[in-house]
Amino acid sequence: MSKEKIILGFETSCDETSVSLVKGSEVLVNLISSQVEEHKEFGGVVPEIASRAHVEKIRNLLHECLLQGKIQPESVDIIAATDGPGLAGSLIVGYNFAKSFAWSLNKPFYPIDHMVGHLVAPTLINKDLQPPFLSLLVSGGHTQIVLVEKWGRYKLFGQTIDDAAGEAFDKLSRYCGFGFPGGPAIQMIGENGNPDSVDLPRPTVKSSHDFSFSGLKTAAIYFLKELDGSTNKISKEDFAASYQEAIVDTLMRNFTKVLKETGVPIISGGGGVMANTRLREKMEALAEKSQIECHLPSVQLSTDNAAMICAAANKELISTDISRDIRLSSIIK
Ligand code: KG4
Ligand code: ZN
């Protein structure tokens with residue numbers, strides 16, 4: 001039996017600086033330094049601040065990661081880093097840092113696609129997870145229904161034509177002053193709210209399994225504007241719960257249709273929005289009803305982290321070049 005490889009991974013595509021050590025599919029250390037404090041006064045990620053924060057944090061995180069893992073740099077087999085998609089200035093920090101470190105140690109360097117990282121993250125929970133399976137990838141920049149036919153071979157069944165699911169949470173939260181990032185803020189406010197109290201649309205895109213969240217966000221904003229002038233009032237708890245329910249319903253409706261079409265025996269998911277409790281419940285319920293398996297990453301492995309980048313490197317799902325564009329989003333249907 002071949003020895004399990006020790007992989008050192010870096011993830012800096014947006015506002016989380018993360019350095020992790022994974023041995024095979026076992027997470028040894030997964031350090032994530034969030035920049036929420038740096039960005040929250042602006043209600044969104046400021047690219048320039050994000051890049052500078054990565055520069056400040058990455059060296060100490062690497063040091064701490066090796067220390068906690070009790071791993072000498074020479075014992076690392078592979079060094080991996082996210083090469084896109086994401087904020088260019090943020091990506092450059094982690095990518096160049098990791099590549100230089102690999103070069104200085106004479107170790108192989110694997111560039112990894114961020115969305116492939118999210119796709120593979122559930123293997124860190126269940127190392128036996130094998131394709132074919134259908135995955136719902138929902139992050140701040142992407143919303144995709146992907147059939148994994150085998151590792152490295154994907155079929156895209158639907159994606160957003162405007163805002164991503166995470167963006168729909170973030171933008172409304174910013175409008176309402178609920179907090180940043182919007183997903184966790186809306187989930188928390190809506191926790192005890194009534195999800196049926198506001199009648200919001202579940203937008204469809206004709207003749208496809210694509211999503212359109214921009215219309216939902218606009219409908220919610222119009223609803224609030226109309227409410228402003230009326231004597232009717234609605235609690236923010238009920239409003240947040242209803243908005244969350246509309247996003248989750250919209251995601252689940254298309255995902256369920258594709259599941260029926262493909263008939264795969266396993267469903268999965270990833271990306272920050274997969275940390276959402278209501279969405280996780282609905283994914284589990286769908287699997288139970290369909291009598292199939294559901295393998296979700298833990299909440300911590302759903303949002304951005306470098307362990308998922310190590311997981312993709314472990315399966316040799318390497319991007320070919322930083323200038324190429326074979327992102328999941330561009331794969332031909
Ligand atoms: O994957 P991710 O951490 O970063 C990107 O690749 O974009 O996803 C971030 C997104 C944000 O839009 C954030 O609001 C959303 O994930 N998010 C959530 C929750 N936690 C994070 N959305 C809904 N419910 C949550 N609990
Ligand atoms: Zn992500």
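Okay, so by a donor I mean an N, O or S atom within 2.8 Å of the metal. Keep in mind, too, that this is a predicted model.

Let's start at the zinc ion, ligand 2. Its protein donors are NE2 of His114, NE2 of His118 and an OD atom of Asp304, and they lie 2.1 Å from the zinc. Water is not among the atoms, so the site may look incomplete.

Are they buried or exposed? His114 is buried, at 6% relative accessible area, and His118 is buried as well, at 1%.

Okay, over to the sheet. We've got five strands in an open sheet, ordered S3-S2-S1-S4-S5, with mixed pairing. Going from one strand to the next, the twist averages 20°.

Zooming in on S2, residues 16-23: this strand runs antiparallel to S3, and eight bridges join the two. Ser18, for instance, stands opposite Ile32 in S3.

And then the helices packing on that sheet. Helix H3, residues 88-105, touches S1, S4 and S5, and its direction makes about 155° with that of S4. Helix H11, residues 307-314, touches S1, S2, S3, S4 and S5, and its direction is at about 130° to that of S1.

Methods. Residues are numbered from 1 along each chain as its sequence is written. Chains are lettered from A and ligands numbered from 1 in the order in which they are written. This is a predicted model: local features need pLDDT of at least 70, side-chain atom pairs count only at pLDDT 80 or more; totals for chains, interfaces and linings use all residues. Side-chain values use heavy atoms; hydrogens and water are left out. Donors are N, O and S atoms within 2.8 Å of the metal (3.2 Å for Na, K and Ca); water is not among the atoms, so sites may look incomplete. Buried means under 20% relative accessible area, exposed over 50%, partly exposed in between (1.4 Å probe, protein chains only). Two strands pair if DSSP finds at least two bridges between them. Helices (H or I, at least four residues) and strands (E, at least two) are DSSP runs, numbered from the N terminus. Axes are lines fitted to C-alpha atoms, for helices over the stretch in contact, and angles run from 0 to 180 degrees between N-to-C directions. Contact means heavy atoms within 4.5 Å.
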